[in-house]
Amino acid sequence: MDSIDKLLAQIKAEYDSEQPKQPQPKPNVPNVGKPFSPPTNKSASFIDNLLAEVQADVAAQDQAEESRKQQEIEQERIRQEQIKAKQREGLKKQAQDWLTKLDPFSPEGLWFERFAESYSSKLEAAIEYLQTQ
């Protein structure tokens, strides 16, 4: 094996010495590994301006989207408050009816008197009581 390696090395050396050193043509491949060279000042400022405009547009779109979301949240909150107000108004009428029918000397009436002590009015207590029912 050693003699074969020597022969191969000798043939290679002869072949290399007979071949003239010619520059090999480079394949037509874009310079992927080349470092980026900055454009000229005129095109650089144009690109900078364009980039600044795009950034401003994106920021304006983000702000508009955020504002729209905040408006939607506020509208939903107002809608929920209106629903609660309507429910409370319905309960208020129901509570007034319940209070007029309540016998103050019945067990439920006596219990309600004690329950209503911690509220500002009997109507408020009746609304709270009916909400939990």
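Colleague: Which residues form the nonpolar patch on the surface?
Modeller: This is a predicted model, and in it Phe46, Ile47, Leu50, Val54 and Val58 make up that patch. Together they have about 450 Å² of accessible area.

Colleague: Where is Ile47 found?
Modeller: Ile47 sits in helix α2, which covers residues 41-101. Its relative accessibility is 45%, so Ile47 counts as partly exposed.

Colleague: Let's zoom out. How many helices and strands does the protein chain have?
Modeller: There are four helices and zero strands. Going from the N terminus, the order is α-α-α-α.

Colleague: And what share of the protein chain is buried?
Modeller: Buried residues account for 11% of the 133 residues.

Colleague: OK, on to α3. Which of its residues are buried?
Modeller: Helix α3 spans residues 107-116, and Gly109, Phe112 and Ala116 are buried there. Looking down the axis of α3, its buried residues fall within an arc of 60°, so they line one face of the helix.

Colleague: Which exposed residues are on the face turned away from that buried side?
Modeller: Pro107 and Arg114 are the exposed residues carried there.

Colleague: What about Ser106, where is its place?
Modeller: Ser106 is in the loop between α2 and α3. With 18% relative accessibility, Ser106 counts as buried, because the cut-off is under 20%. A polar atom of the Ser106 side chain lies 3.0 Å from the backbone nitrogen of Gly109.

Colleague: Nice. Switching to aromatics: how many aromatic pairs are there?
Modeller: The count comes to seven. One of them is Trp98 with Tyr129, a tilted pair with 5.1 Å centre to centre and 40° between the planes. That pair links distant parts of the chain, with Trp98 in helix α2 and Tyr129 in helix α4 (residues 122-132), 31 residues apart.

Colleague: How do Trp111 and Tyr129 pair?
Modeller: Trp111 and Tyr129 form a tilted pair, 5.2 Å centre to centre with 55° between the planes. This pair too links distant parts of the chain: Trp111 is in helix α3 and Tyr129 in helix α4, 18 residues apart. Trp111 is partly exposed, with a relative accessible area of 40%.

Colleague: Which residues form the aromatic cluster?
Modeller: One cluster takes in Trp98, Trp111, Phe112, Phe115, Tyr119 and Tyr129. Phe112 is also one of the buried residues of α3.

Colleague: Last topic, charges. How many salt bridges does the whole structure have?
Modeller: The search finds seven. Among them is Arg68 with Glu65, whose closest N and O atoms are 2.3 Å apart. Both lie in helix α2, three residues apart, about one turn of the helix.

Colleague: Why would that spacing work?
Modeller: An α-helix has 3.6 residues a turn, so residues three or four places apart point the same way. Arg79 and Glu76 are likewise three residues apart in helix α2, and their side chains meet in a salt bridge at 2.8 Å, N to O.

Colleague: Which residues are linked in a network of salt bridges?
Modeller: Glu65, Arg68 and Glu72 are linked that way.

Colleague: And what does Glu113 form a salt bridge with?
Modeller: Its partner is Lys122, with the closest N and O atoms 2.6 Å apart. Glu113 is partly exposed at 31% relative accessible area, and Lys122 is partly exposed at 42%.

How values were computed
Residues are numbered from 1 along each chain as its sequence is written. This is a predicted model: local features need pLDDT of at least 70, side-chain atom pairs count only at pLDDT 80 or more; totals for chains, interfaces and linings use all residues. Side-chain values use heavy atoms; hydrogens and water are left out. Buried means under 20% relative accessible area, exposed over 50%, partly exposed in between (1.4 Å probe, protein chains only). Helices (H or I, at least four residues) and strands (E, at least two) are DSSP runs, numbered from the N terminus. The arc is that of the directions from the helix axis to the C-beta atoms. Patches are made of residues with over 30% relative accessible area and no salt bridge: like charges are joined within 9 Å, nonpolar side chains (Val, Leu, Ile, Met, Phe, Trp, Tyr) within 5 Å. Accessible areas come from the Shrake-Rupley method with a 1.4 Å probe; for residues, only the protein chains shown count as cover. A salt bridge is a side-chain nitrogen of Lys or Arg within 4 Å of a carboxyl oxygen of Asp or Glu. Rings of Phe, Tyr and Trp (its six-membered ring) pair if their centres lie within 6.5 Å; planes under 30 degrees apart count as stacked, over 60 as edge-to-face and the rest as tilted. A polar contact is a pair of N or O atoms within 3.5 Å; within protein, one must be able to donate a hydrogen and the other to accept it, and residues adjacent in sequence count only if both atoms are side-chain atoms.
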